[in-house]
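Q: I would like to go through this protein with you. May I begin with some questions about single residues and then move on to how the parts are arranged?

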Amino acid sequence: MAGFEDESPVIYRHEAENEDIAIIILNNPPVNALSKDVRVALARHLETAIDDDAVTAIVISGGSGRNLCGGADIREFNTPARDVKPMTRDLMNLIEDCPKPVIASIHGPTLGGGLELAMGCHYRVATATAQVGLPEVLRGIIPGAGGTQRLPRLIGLGPALDMITTGNPVDGEKAMELGIVDALVGGLRESIEFARQVVADNRGPRRISAMKVPGDAAENAKIVEECRAKLTKTARGLLAPFHCLESVANSVKLSFDEGWEREAEISRVAMVSAESRSLVHAFFAERQVTKIPDIPADIALRPVSKAAIIGAGTMGGGIAMSFANAGIPVTIIEASQDNLDNGMKRMAANYEATRKRGRLSDDEMTARMGRITPSTDYADMADADIVIEAVFEEMDVKRAVFTEIDRLARADAILATNTSTLDVDEIARTTSRPESVLGTHFFSPANVMTLLEVVRAEKTDKDVIASVMAMAKAINKVGVVVGVCDGFVGNRMLAPYFRQGDFLVEEGALPQDVDRVIEEYGFRMGPFRVSDLAGLDISWAIEKRRAETRPADERFSPLLDSICQLGRYGQKTSAGWYRYEDGRTALPDPVVEELITARSREMDLNRRPIDDDEILQRCLYSMINEGAKILEEGLAIRASDIDVIWLNGYGFPRHRGGPMFYADTVGLREVYDTLDRFHRQWGDKWQPAALLRELANAGSSFAEWDKGRMG
Ligand code: NAI
């Protein structure tokens, strides 16, 4: 008999006081994944319970761990361990075949293979706060261990399709309502009582595979078609949701065994798709991003439990809300009472809008606003662990503010600037403690956007970087370490992408052509629609500032200038690159087309039809090339960090993995050769990055380069 202190991956408990019930406890931290050792031991313990005449029922539990089971072991993917018998999908059938009732005791997040395991059991009980779901679709695959066949049999086709095609989990209570679980329990003790009751009631094993999907054939066929119609709209360009649909639909048309076989076939196809590889890449890239090669993981952190923000404008307000939302008190400091009042009003209105939509309770709204203390006195930053400056984007203003921060902030405080274009090193130099200064580049709206570029300046201390990375996590952001350069990583790569949009239009395309190609690729909006939404006046102001330093021989499109001169600033003025009759729908506008063709004439350009491939390549490869230069210059740690930036800050389609991963899937040879061709054709800024040439010549990839960098 084993105890909890046991280190074996699965513990068998059969105790005097529970002689009738065998308890099998998964003991494979952190998430009780179904590694080969777990599978083998689980199967063995099941045999023991079956052979023991004293045992009348079996409870499978996650013991005192975080959950019952986190599903397949991702570390085993693409390794021989995955094929060790019983394989995950066989294990569920093995459990279901057991002649004695098997009860899954669910607590914590029990997703994917975890829920499939529970559905292999004959009954399921769960705590109210447990989470169950089949999120495989979010990794580009389908539930491959019976999930697509068992869930519809258990809860009906409609609810099963909903859960499997969206990947959304439900909590214990909702699972009870849907019929996924048979009872809500407080914990293991009550699960044992439930098992005993099953035996007392003589209910025996209830095998889901032997059930029929509820509802008649016509009704179910209609549900399938409705789901297909919905996915055609919501899952444009994706494969996995349709794979899920196909497999779940089989649960109605085919026997369990046939549906189960088909599930394996569809699963194999999905598993090797570019979509699945991209989504898995995105998942690992986001885990990897916290690792900074020269900063030890156990470095002592400066805790951030109180913040001060200088400037209550668009960004300052959003940043303050991010802290307040995470339970961290924050003081927001403005130069004038009026601006402070306006800032506070904007934050209150923002919370109020969320409350009205039913997404925030009255109490929570009051609590969050209560964590934001307004002030016009700089001295109120004195007790803050971090001071974040978000004042006007002017070096003189920033300098003056940092002089004050240097005078008033605590000696061990972290000093951050939210600048988007200014030199963080120069800002740091205005203080007596540049080692405590860094950039925190939030994205707008800062309370919503998850990306945070953590800008490591020349002198920034390691513990400052590590502390801000930890803080990012605490305020629900994805922090990515970047170096100091114009635009940092994201905006620097955005610039050539937008430039190509303008040039394509000068040469023969129209904004709607470029946007369509980019949207078909998977972005929610193409560059012109995005610009209209963000407001053209902002980019116009930046263009004007840049004009002073732009080399005379550099190609530049004045189209934005022409459009803004007509007072067309985008959606907010109902006209920009498009016109907007209802305030939202972008409609192609002959006025813009006329401006564009006039510009082409002025440049002596014979407008030509530009095919979709060229549009996509010019927009994406220009961005990828800039990314490669950023890596070369050491301004991002890994190519996958750049992907994380684009996935979280710029709406890069997740199923493409990010720009650098996409380049790998195309093949760097192909990307390099195309860039080289563009360079010969147009010169200008098309010079391929040396790193790209090197990797292409070596037949290598950004992924390989990343591996080399991490040792
Ligand atoms: P904003 O103009 O909305 O807000 C700036 C605020 O700072 C104003 O409320 C102003 O009264 C206040 N302020 C000015 N001087 C001050 C001083 N000496 N002491 C205290 N408060 C002072 O500007 P926004 O958009 O919030 O930008 C702030 C910073 O964030 C800038 O550095 C900007 O480049 C950066 N940023 C802006 C993004 C955006 O999308 N708006 C995105 C990322 C960074």
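Q: Is arginine 66 buried or exposed?
A: In this predicted model, arginine 66 is exposed, since its relative accessible area is 55% and the cut-off for exposed is over 50%.

Q: Where is arginine 66 placed?
A: Arginine 66 sits in the loop between β3 (57-61) and α2 (88-96).

Q: And what is arginine 66 in contact with, leaving aside its neighbours within four places in sequence?
A: With those neighbours left aside, arginine 66 is in contact with Pro30, Val31, His107, Gly108 and Pro109.

Q: Now arginine 196, please. Where is that one found?
A: Arginine 196 belongs to helix α7, which covers residues 188-200. With a relative accessible area of 31%, arginine 196 is partly exposed.

Q: Which residues is arginine 196 in contact with, again leaving aside neighbours within four places in sequence?
A: They are Glu17, Asn18, Asp20 and Ile21.

Q: How far apart are the C-alpha atoms of arginine 196 and proline 101?
A: They are separated by 9.9 Å, while the two residues are 95 residues apart along the chain.

Q: Let us change topic. Which domains is the protein divided into?
A: There are domain 1 (10-271), domain 2 (307-487) and domain 3 (490-611). The C-alpha centres of domain 1 and domain 3 lie 51 Å apart.

Q: What about the largest nonpolar core: how many residues has it?
A: It has 75 residues, and Leu620 and Phe702 have the most contacts inside it. Helix α24 (residues 612-632) supplies the largest share, 10 residues. Domain 2 (307-487) and domain 3 (490-611) each contribute at least three residues to this core.

Q: What is phenylalanine 702 in contact with, beyond its neighbours within four places in sequence?
A: Its contacts include Ile624, Ala628, Leu631, Met660, Leu668 and Leu695. Asp664 is also one of the residues in contact with phenylalanine 702.

Q: One last topic: at what angle do helix α11 and helix α25 pack?
A: Helix α11 (residues 274-288) and helix α25 (residues 639-649) pack at an angle of about 105 degrees, and their axes are 9 Å apart. The two helices are therefore roughly perpendicular to each other, as angles of 65 to 115 degrees count as such.

Q: Which residues make that contact?
A: From α11 come His281, Ala282, Ala285 and Glu286, and from α25 come Ser640, Asp643, Val644, Leu647 and Asn648. By class, the contact has 4 nonpolar, 3 polar and 2 charged residues.

Technical notes:
Residues numbered from 1 in each chain as written. Predicted model: local features only at pLDDT ≥ 70, side-chain atom pairs only at ≥ 80, totals over all residues. Heavy atoms only, no water. Axes fitted to C-alpha atoms, helices over the stretch in contact; angles between N-to-C directions. Helix = DSSP H or I, 4+ residues; strand = E, 2+ residues; numbered from the N terminus. Parallel < 35°, antiparallel > 145°, perpendicular 65-115°, else oblique. Contact = heavy atoms within 4.5 Å. Nonpolar A, V, L, I, M, F, W, Y, C, P; charged D, E, K, R; others polar. Core = buried A, V, L, I, M, F, W, Y, C linked by side-chain atoms within 4.5 Å. Buried < 20%, exposed > 50% of the residue type's maximum accessible area, 1.4 Å probe, protein only. Domains from an automatic or database assignment.
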